[in-house]
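Morning, everyone. Let me put the structure up, and then I'll walk you through it.

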Amino acid sequence: MSSLDGKRKFTVFIRQHNLFRENFSIGLIYHSEEGSINLFGCNGNHGEIVVDILNPVPHYGYHTHIITAELLDNNVNEPRKVELTNEYASFEQALAYFCRYVNIKDCSNYFPFINQPKLFE
Amino acid sequence: MLNQEFINDIKQRFNNYFSLKEKRENIFQVFAPLYHPDGDMMDIFLTEAPDKDLIRITDYGLTLMRLSYSFDIDTPNKEKIFNKILAENSIQNENGILYIDVKPQYIYYGLLQFAQAISKITNMRLYKREVIHSLFFEMLDEFIMTKLQKFNPIKKFYPIPDHEEYEVDYCFNHRRRPVYLFGVNNTANARLATICCQKFIAEKLNFTSLIVLESLDVIGKKDQARLMSAADKQFPSLDDFQKYAEEYLERELLQS
């Protein structure tokens, strides 16, 4: 994938466990000259997560990971900012949310269900 | 599968930060303070082993799933490292599902060992080409400064006085016909090396230019062609340079 001006390159990974369907991860990786950075990810409800490993307050549920300028400034390339989300509750909804959030153009050409309206909105 | 006595024992050893949750029938997810760097808890499960006296500590393939976000074990060398980590930690691999079978009284030790293996495997991301790539100049420097000392290497050499924009990474034999070495691991320094060589030729300097490429893939064909046309000698990889540098420099110095 590339930015609209074609200058920046990205890859998206999509993984879902075949037994534990709630264990999934969809993420965006940016490839710069200095290396690649995992920018953003939508994860399933796979277990426990903590925002600060040294001050752990565990959370459970569907959540997103995002990198921040502060993390990068501190040489942390892991998207350690974790937020619980109500934006999705399944893999399909997570994929739709991910495509909207990351602003992927023409994603409905590849994932036709993405533009399907929600029944209860 | 596990009696309460063993669970209480593990709990005590983890200072009470331990619990099990039945994820699927007879598959118990471990909740313990064992985290990945992004804050996700390590995916570890307990289930019955085929040998009924043992408990299986397993990841159900989630370690390799996580690793695959940004790294593939797709070369014999990577596979060798992966298998070495497994062997060193007594971990078994069944089609990507990692496990270790332990007696119930040793679950605590098994969990720590298993978590350590997961951590090492997910850290295989650090062997990515781009990480190694950033070590190219360090490796080149270490080799030159230890193995090629007898050729009196000078680091950061400026052949044209008052023109620091034309920098040579290393200069050998600077008193007679010098060898100017440029390390190249991306397009930008390939172009810079080409410009420097052309400038030195234009200035009619007496020198031999030597390029050490990290690998042939790091620059495009046009950059390769320009560099080949401007430079006298190229080594296609650091390995190649390490193998033949001494012999090459000895021949060069004899001629100068």
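This is a predicted model: local features need pLDDT of at least 70, side-chain atom pairs count only at pLDDT 80 or more; totals for chains, interfaces and linings use all residues.

I'll take confidence, then a helix pair, then a pocket.

The predictor gives the complex an ipTM of 0.86. The pTM is 0.72. Chain B has a mean pLDDT of 91. In that chain, 96% of the residues reach 70 or more.

Now the helix pair, in chain B. Look at α3(B), residues 76-88, and α4(B), residues 107-122. Their axes come within 10 Å. They cross at roughly 170°. Angles over 145 degrees count as roughly antiparallel, so α3(B) is roughly antiparallel to α4(B). Which residues make the contact? On α3(B), take F82(B), I85(B) and L86(B). On α4(B), take A117(B), K120(B) and I121(B). By class, that contact has 5 nonpolar residues, 1 charged and no polar.

Next, the largest pocket. It holds about 620 Å³ of space. There are 32 residues in the lining. Which of them sit closest to the centre? From chain A, N38(A), N77(A) and E78(A). From chain B, R125(B) and K128(B).

Which elements give two or more residues to the lining? In chain A, β2 (24-32) and β3 (35-43). In chain B, α5 (129-134). The most comes from β3(A), with 7 residues.

How values were computed
Residues are numbered from 1 along each chain as its sequence is written. Chains are lettered from A and ligands numbered from 1 in the order in which they are written. Side-chain values use heavy atoms; hydrogens and water are left out. Axes are lines fitted to C-alpha atoms, for helices over the stretch in contact, and angles run from 0 to 180 degrees between N-to-C directions. Helices (H or I, at least four residues) and strands (E, at least two) are DSSP runs, numbered from the N terminus. Angles under 35 degrees count as roughly parallel, over 145 as roughly antiparallel, 65 to 115 as roughly perpendicular and the rest as oblique. Contact means heavy atoms within 4.5 Å. Ala, Val, Leu, Ile, Met, Phe, Trp, Tyr, Cys and Pro count as nonpolar, Asp, Glu, Lys and Arg as charged, and the others, Gly among them, as polar. pLDDT is the predictor's confidence in each residue, from 0 to 100. On a 1 Å grid over the protein atoms alone, a cavity is a set of points where a 1.4 Å probe fits but cannot get out, and a pocket is an open set with protein on both sides within 12 Å along at least five of seven lines; lining residues have an atom within 4 Å of a point. Grid points are joined across faces, edges and corners, and a volume is the space filled by probe spheres set on the points.
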